[in-house]
Amino acid sequence: LERDVASESRAMSAAALAGIPVPRVLRAQGRDLVLEYLPGSTLLAQLLSGDRSVDEVADILVELLRVLEATPAASVLPGAPEGSVLVHHDLHPDNVMVTARGPVLIDWDGARAGSEGEDVAHLIVLLAGVVSDPEADPALVIVAEKLAHATLARCVAPRDELVASAAAERGSIPGFRASSALVLTRQWIDS
């Protein structure tokens, strides 16, 4: 799978100009993307180690979601449709580095123009996928379910078509149980 580092680099550079915390791009050439070194750990690592609570992690994720949804995609991505917002497409605790300058959102290769609620849908479906995976670490399952509930309690629940689309996209990942994740996500949203 060929990675589009030029597109990822442009999205990150523009996102930084829009005030979104991203790593600084040092070089993007060919298939190589060189970013600033970010000393710290991920939100997931801090959550699993007990350094941060589920509520603290949910607050950080929701703040990043709000910043993304407040960013018109046309201001960041050339040719983006008017009215669309910037969608990271893979926002989750392991893609947020906690650094001395605060949380930094990494892994921008899926960034695109989209709809409000799209990143929330992808996050909740991903967490539901962890919970519905019989091979997942039990501690991770507990944390994922608590984080899903805490996140949904802090933001507007995504529309069902966004949830279905997120589950379908994640379904292409080997081992991801898209149908189970979709059912569980819908249950969480309805509760």
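Buried means under 20% relative accessible area, and exposed means over 50%, with partly exposed in between. The exercises below use a predicted model.

**Exercise 1. Find which parts of the chain are tied together by glutamate 169 and arginine 112.**

Step 1. Check the bond. Glutamate 169 and arginine 112 meet through their side chains in a salt bridge, with N to O at 3.3 Å.

Step 2. Glutamate 169 sits in helix α6, and arginine 112 sits in strand β7 (residues 112–114).

Step 3. Draw the conclusion. The pair links parts that are 57 residues apart in sequence.

Step 4. Glutamate 169 has 28% relative accessibility, so glutamate 169 is partly exposed.

**Exercise 2. Find the partner of arginine 101 in a salt bridge, and say where the two residues lie.**

Step 1. The whole structure holds eight salt bridges.

Step 2. Name the partner. Arginine 101 bonds with glutamate 36, and their closest N and O atoms are 2.6 Å apart.

Step 3. Locate both. Arginine 101 is in the loop between β5 (96–99) and β6 (102–105), whereas glutamate 36 is in the loop between β2 (32–35) and β3 (41–42). The pair therefore ties together parts that are 65 residues apart in sequence.

Step 4. Classify arginine 101. At 49% relative accessibility, arginine 101 is partly exposed.

**Exercise 3. Aspartate 119 has no salt bridge: how far away is the nearest side chain of opposite charge?**

Step 1. Locate the residue. Aspartate 119 belongs to helix α4 (residues 118–131).

Step 2. Look for the opposite charge. The nearest such side chain is that of arginine 170, 7.4 Å away.

Step 3. Apply the cut-off. A salt bridge needs a side-chain nitrogen of Lys or Arg within 4 Å of a carboxyl oxygen of Asp or Glu. Aspartate 119 has no salt bridge, yet aspartate 119 is buried.

Step 4. List the surroundings. Leaving out neighbours within four places in sequence, aspartate 119 contacts Leu65, Leu68, Leu86, Val87, His88, His89 and Asp90.

Step 5. Histidine 89 lies in the loop between β4 (85–87) and β5. Its phi is positive, about 85°, although histidine 89 is not a glycine. With a relative accessible area of 18%, histidine 89 is buried.

**Exercise 4. Describe how α4 packs on α6 and on α7.**

Step 1. Take α6 (residues 160–170). The angle between α4 and α6 is about 55°, and their axes are 8 Å apart. That angle makes α4 oblique to α6.

Step 2. α4 and α6 cross in a right-handed way.

Step 3. Name the contact residues. α4 contributes Glu118, Ala121, His122, Val125 and Leu126, while α6 contributes Leu162, Val163, Ala166, Ala167, Glu169 and Arg170.

Step 4. Turn to α7 (residues 178–190). Here the angle with α4 is about 115°, with the axes 8 Å apart. The crossing of α4 and α7 is right-handed.

Step 5. Name the residues again. From α4 come Ile124, Val125, Leu127, Ala128, Gly129 and Val131, which meet Ala181, Leu184, Thr185 and Trp188 of α7.

**Exercise 5. Classify three loop residues by accessibility: aspartate 133, aspartate 107 and threonine 71.**

Step 1. Aspartate 133 is in the loop between α4 and α5 (138–154). Its relative accessible area is 26%, so aspartate 133 is partly exposed.

Step 2. Aspartate 107 is in the loop between β6 and β7. Aspartate 107 is not a glycine, but its phi is positive at about 65°. At 27% relative accessibility, aspartate 107 is partly exposed.

Step 3. Threonine 71 is in the loop between α3 (54–69) and β4. Threonine 71 has a relative accessible area of 5% and is therefore buried. Apart from residues up to four places away in sequence, threonine 71 touches Ala18, Ile20, Val76, Ser84, Val85 and Leu86.

Conventions:
Residues are numbered from 1 along each chain as its sequence is written. This is a predicted model: local features need pLDDT of at least 70, side-chain atom pairs count only at pLDDT 80 or more; totals for chains, interfaces and linings use all residues. Side-chain values use heavy atoms; hydrogens and water are left out. Helices (H or I, at least four residues) and strands (E, at least two) are DSSP runs, numbered from the N terminus. Buried means under 20% relative accessible area, exposed over 50%, partly exposed in between (1.4 Å probe, protein chains only). Lys and Arg count as positive and Asp and Glu as negative; His and the chain ends are not counted. Contact means heavy atoms within 4.5 Å. Axes are lines fitted to C-alpha atoms, for helices over the stretch in contact, and angles run from 0 to 180 degrees between N-to-C directions. Angles under 35 degrees count as roughly parallel, over 145 as roughly antiparallel, 65 to 115 as roughly perpendicular and the rest as oblique. A crossing is left-handed if the near helix is turned anticlockwise from the far one by less than a right angle, and right-handed if clockwise.
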